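Hi,

Here is the structure I promised to pass on.

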Amino acid sequence: MKQYQLSTGEKKFIGSHLLVAILALAVGSLFGPLQAFEHAGWDIYPYIKPLIKSYYQGLTVHGVLNALVWTTFFIMGFLTFNVTFGLKRALRNPTLNKVGFWVMVVGVVTAAIPILANQATVLFTFYPPLKANWAFYLGLTLVVVGSWVEGWGLFATYLGWRKENPNERTPFIAFASILTALLWQICTLGVATEILTMLLPWSLGLIENVDPQLARTYFWFTGHPLVYFWLLPAYISWYAMLPKQAGNGKMFSDSLARLSFWIFLVLSTPLGFHHQYVDPGVPPVWKFIHSMLTFGVFFPSMMTAFTVVASLEHAGRKQGGKGALAWIGKLNWSDPSVAAQLLAGILFFFGGIGGLANASYNVNLVLHNTAFIPGHFHLTVATGVTLSFMGISYWLLPYLTGRKLWNPKWAVAQAWTWFVGMIIFSNSMHVLGLLGAPRRVPLGLAPYVPAEWNSRLLQVGVGGAILFVSGALYLTVMLMTALNKEKVAEEVQVPIAESMQDPALTPVWLDRWAPWIYGTLALVVIVYGPQLVDMISNIALTSPGFRVW
Amino acid sequence: MSTNQIHIDPYERNWMIISAILLVLFATAVSVAAFGMGIQVPAPEQRVDPRTVATDPNSPWSNPGLREIEPGKYDAYVLARAIPSWEYLPKEMTIPAGSSVSFYVTSSDVQHGFKIQDTNANFQVVPGQVSKLTIKFDKPGTYNFICTEYCGSGHGVMYGAIIVTP
């Protein structure tokens, strides 16, 4: 059976997302190793001073480009692919999607200018009253608004499909992608409010002062669900593509996959206070409620772990794998897309365990803002998500361009070096955090570093060096593939793992949007509403801006 | 087959039950530590005006430092600031072992952090708010407190120390 064809225009459009994403990753990732080397006592920042003024400016570039730009562009491109390919339907209003994309591009450029000019060295959390140039806030706003518009284009496409197919189950990859785009629309209301009501007018000189505690609360309304916006696209691939690639496996349970996505939608926003456990201006009762809801979101993660591993096991046994664990060896490890995503999944598992420690209300007292945190999120967003996206791009780029993947062996080596480098880097960061090392500090220069941290700091540098090699491998493979003269013989087959159980048997209530959306909004209002109303009605606009970098 | 029933594999059902039990265990452990053993997170204490908190003569942070409330019990008013240079006031505090200290920390400019090494004291310092936690120091030694929130180019050198004498 011939697979559904995307138009050349649609392929180009999705490819443009990949281009911006990979460019952002290329620049942003340069600074990761610089930070790691600094920790190991080899500070390169003084040598690049004409270009980048400080460790913190480098850290801002790293965080904004990697965590915000690489992810958002890759995700919007991947979701667009999933919706059109999954529904077998062209975008309903491609102009809308294009407008969204270009608004995002203009936003990135607008924010990049002050960052590179050292006018926005506020890191990717940009907590006021550190005050960046207005163009930084405007640029971020445009990126978010652009991603909303692209989301509307996807919703319009879905609604068009639904009208044409009133009784069909939404194909899984399209369903999960629409849900991810919807989650993003809900959760970004926080940061949009923060920027539009406070930071942007403040940086333009229209208002003099802001309320930093309220700003933090708006920020983390978005900040945690942002994690699920990163993660769910990787989950889509793990659930519905990877088992097929790994050995012609099927998705173990269609209905539980959908149920876990619904739970992610409902629970991902109303738990932002778990980033504010040690904030002075939030009552402990709300912190505690959010901590319990954070444990709740552990549940769909466990369901995901089961279904994904069961689907992979199905693939492994199909390839003749036996035993309790020996089937793992039968998976298609020589395919770089498979190797990258399997390794990403393994490290993500440990990232999840560390996340439970962070989420644990008072346990967080020993971890908050220590090196444990970047150690944690380099396992989650920088490996679980990023290495999976790299793996996806190993088939997606050949699919979009019709050019063969250049040197797949290098790509496999890329996945393994990322895995090894990240184990060394992240493990030492976790340990440093437990020993009390703060995050966001050039520890090579800090005056309070005890001798017992030194061996770990050196390991941070070693991990960074290996990751640097891995990043260079990735960019080389991508660049050489984009330029590859060798074409694929016929269109790359999109890996879709069919469900073991006929999706038509999936209960109707797992394919109805309204009740879940109302439930999500209601829960947000219940667990965020009272405290937000209190903070807004007692707003204290008392903080003028500071530029102290 | 009814389309309202969700099909769940027996293995997966067991897995879900185990996950739920784990969650209950975690929640219980955290709750016992919080409400049984009193390991608590900061609560709203007081609001101040960061523009005047360091200069207003009525503000305790215009004269930061230790106050002995009763023997072995102290209040410590600590000011975190990036301007003119990244530091805590006071930079050093000396107390005898066995003392219990309530820290009241605020900022006169940007956000800071306050983490006392080898203790459970670790919180955000947000301008306009006062962060409070009480810590008992039983073991003599030097306890550094360090800034854990990015506060500008001197963030990495911002720290102070509590010296606990035998």
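**What I found**

The largest nonpolar core has 218 residues, and the ones that touch the most other members are Ala21(A), Leu343(A) and Ala415(A). The biggest contribution to this core comes from helix 2 of chain A (residues 55-87), which puts in 20 residues. Keep in mind that this is a predicted model.

Leaving aside residues up to four places away in sequence, Ala21(A) touches Trp70(A), Phe73(A), Phe74(A) and Gly77(A).

Over in chain B there is an open sheet of five strands, in the order 4-10-9-6-7 and with mixed pairing. Strand 4 (92-96) and strand 7 (122-125) of chain B sit at the edges with a single partner strand each, so each has one side without a neighbour in the sheet. From one strand to the next, the twist averages 20°. Strand 7 of chain B pairs with strand 6 of chain B (residues 112-116) in the antiparallel sense, over four bridges. Within that pairing, Lys115(B) has Asn122(B), in strand 7 of chain B, as its bridge partner.

Then there is the contact between the chains, with 59 residues from chain A and 60 residues from chain B. On the chain B side, the elements giving two or more residues are helix 1 (10-36), strand 6, strand 7 and strand 9 (141-146). Helix 1 of chain B supplies the largest share of that side, 11 residues. Sorted by class, the side of chain B that touches chain A has 29 nonpolar, 21 polar and 10 charged residues.

Cheers

Definitions and conventions. Residues numbered from 1 in each chain as written. Chains lettered and ligands numbered in written order. Predicted model: local features only at pLDDT ≥ 70, side-chain atom pairs only at ≥ 80, totals over all residues. Core = buried A, V, L, I, M, F, W, Y, C linked by C-beta atoms within 7 Å. Buried ≥ 20, exposed ≤ 12 C-beta atoms within 10 Å, placed from the backbone. Contact = placed C-beta atoms within 7 Å. Pairing = 2+ DSSP bridges. Axes fitted to C-alpha atoms, helices over the stretch in contact; angles between N-to-C directions. Nonpolar A, V, L, I, M, F, W, Y, C, P; charged D, E, K, R; others polar.
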